[in-house]
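Please examine the sequence and the model displayed here before reading further. The paragraphs after the display are intended as a guided reading.

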Amino acid sequence: MLISTWAGILCVFVMPNIQTRNFGAILTFSGAYLFAITVIHILPELYQHAKQPFVLGVCVLGGFYMQIFINYFSTGVDHGHIHGHHSHASSEAVLLFISIWIHSLLEGTLLVHPQAAHPHDETGNLLVGIILHKVPESIALASILLSHLSSKKWIWVMLFIYSIATPAGMYLSNSMMQYQWMNDQWVMYIFAIVAGNFLHISTTIFFESEQNKHRFSLYKMLLIISAALIACGVEFIG
């Protein structure tokens with residue numbers, strides 16, 4: 001996970017003009033994979049052992065709409081979208097960083113499976129999805145911070161803090177469960193919220209990964225189908 005995050009970050013410094021057709025392909029594939037594992041892995045896992053399905057559904061909806069609120073500050077960086085740079089000040093870049101850090105912290109909770117949600121603790125497919133998602137996200141964040149902040153020192157500090165957010169979320173969730181500060185049911189509610197986040201992010205990627213959004217693209221469709229088939233195959237084998 002750290003490797004994929006730093007690979008994306010370093011790409012920005014090595015290849016400043018990273019927003020190319022290849023970047024769009026990576027974005028589309030990662031979004032499709034993220035959507036697939038949300039539908040075939042996270043949601044079935046949640047509802048299989050749910051004691052209160054309605055509450056979980058509300059949490060999924062809450063996570064979806066919460067991501068809209070996060071996007072207001074992150075300007076879409078969490079789904080790898082690099083917007084125009086003319087309207088941002090350094091203070092807005094800091095707000096963007098904070099919102100992405102919160103999003104990344106929540107991602108880490110998905111890799112800590114409570115016994116009630118998943119007794120077999122299989123996280124391989126989910127881990128692959130998060131790793132793929134991290135590449136375009138880190139490229140977008142690094143690009144915008146580099147454009148809006150003059151201090152290279154603070155850029156590297158912020159990128160380092162961002163890179164450890166998901167592992168930190170994983171560690172904090174695991175610690176809270178071990179010390180019984182948070183029971184399995186509450187962890188499942190957090191899972192549902194992040195599932196809603198992922199549904200918003202992945203579907204948004206489908207519509208923003210190409211300029212001609214309303215034209216059929218066989219190349220894009222093949223990428224989406226390939227990602228879904230791979231996710232289903234990994235889930236079946238696992």
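This is a predicted model: local features need pLDDT of at least 70, side-chain atom pairs count only at pLDDT 80 or more; totals for chains, interfaces and linings use all residues.

Residues are numbered from 1 along each chain as its sequence is written, and side-chain values use heavy atoms, with hydrogens and water left out.

The term pLDDT denotes the predictor's confidence in each residue, on a scale from 0 to 100. Its mean over the chain is 77, and 78% of the residues reach 70 or more. Residues 84-88 have a pLDDT below 50; beyond near neighbours in sequence, this stretch has 7 contacts in the model. A contact here means heavy atoms within 4.5 Å.

The secondary structure consists of 9 helices and 0 strands, and the pattern along the sequence is accordingly written α-α-α-α-α-α-α-α-α. Helices (H or I, at least four residues) and strands (E, at least two) are DSSP runs, numbered from the N terminus. Among contacts with a separation of 6 or more, 83% are between residues 24 or more positions apart. The accessible surface of the chain comes to about 11900 Å², and 69% of it belongs to carbon and sulfur atoms; such areas come from the Shrake-Rupley method with a 1.4 Å probe, and for residues only the protein chains shown count as cover. Of the 238 residues, 48% count as buried. Buried means under 20% relative accessible area, exposed means over 50%, and partly exposed lies in between (1.4 Å probe, protein chains only).

The interior may be described through its nonpolar cores, each a set of buried Ala, Val, Leu, Ile, Met, Phe, Trp, Tyr and Cys residues joined through side-chain atoms within 4.5 Å. The largest has 34 residues, and those with the most contacts inside it are Ile42, Leu46, Leu110, Leu126 and Phe198. At least two residues of this core are supplied by each of α2 (21-48), α3 (53-74), α5 (124-148), α8 (184-208) and α9 (218-237). Helix α8 provides the largest share, 11 residues. Another core, of 16 residues, lies apart from the largest one and includes Phe97, Ile139, Ile155 and Tyr162.

Attention may now turn to helix α1. Serine 4 is found in this helix, which spans residues 2-14, and it counts as buried because its relative accessibility is 8%. A polar atom of the serine 4 side chain lies 3.5 Å from the backbone oxygen of isoleucine 131. Such a polar contact is a pair of N or O atoms within 3.5 Å; within protein, one must be able to donate a hydrogen and the other to accept it, and residues adjacent in sequence count only if both atoms are side-chain atoms. Leaving aside residues up to four places away in sequence, serine 4 touches Ile131, Lys134, Val135 and Ser138.

Threonine 5 also belongs to helix α1 and is buried, since its relative accessible area is 2%. With residues up to four places away again excluded, threonine 5 touches Lys134, Ser138, Tyr162 and Ser163.

Which residue pairs its ring with that of tryptophan 6? The whole structure contains 4 aromatic pairs, where rings of Phe, Tyr and Trp (its six-membered ring) pair if their centres lie within 6.5 Å; planes under 30 degrees apart count as stacked, over 60 as edge-to-face and the rest as tilted. In one of these pairs, the rings of tryptophan 6 and tryptophan 156 have centres 6.1 Å apart and planes at 10°, so the pair is stacked. The pair links distant parts of the chain, with tryptophan 6 in helix α1 and tryptophan 156 in helix α6 (residues 152-163), 150 residues apart. Tryptophan 6 is partly exposed because its relative accessibility is 23%; tryptophan 156 is likewise partly exposed, with a relative accessible area of 35%.

Further along helix α1 is leucine 10, which counts as partly exposed at 42% relative accessibility. Its C-alpha atom is separated by 8.5 Å from that of alanine 142, 132 residues apart along the chain.

In helix α2, serine 30 counts as buried at 1% relative accessibility. Serine 30 and histidine 133 are 103 residues apart in sequence, yet 5.4 Å apart in space, C-alpha to C-alpha.
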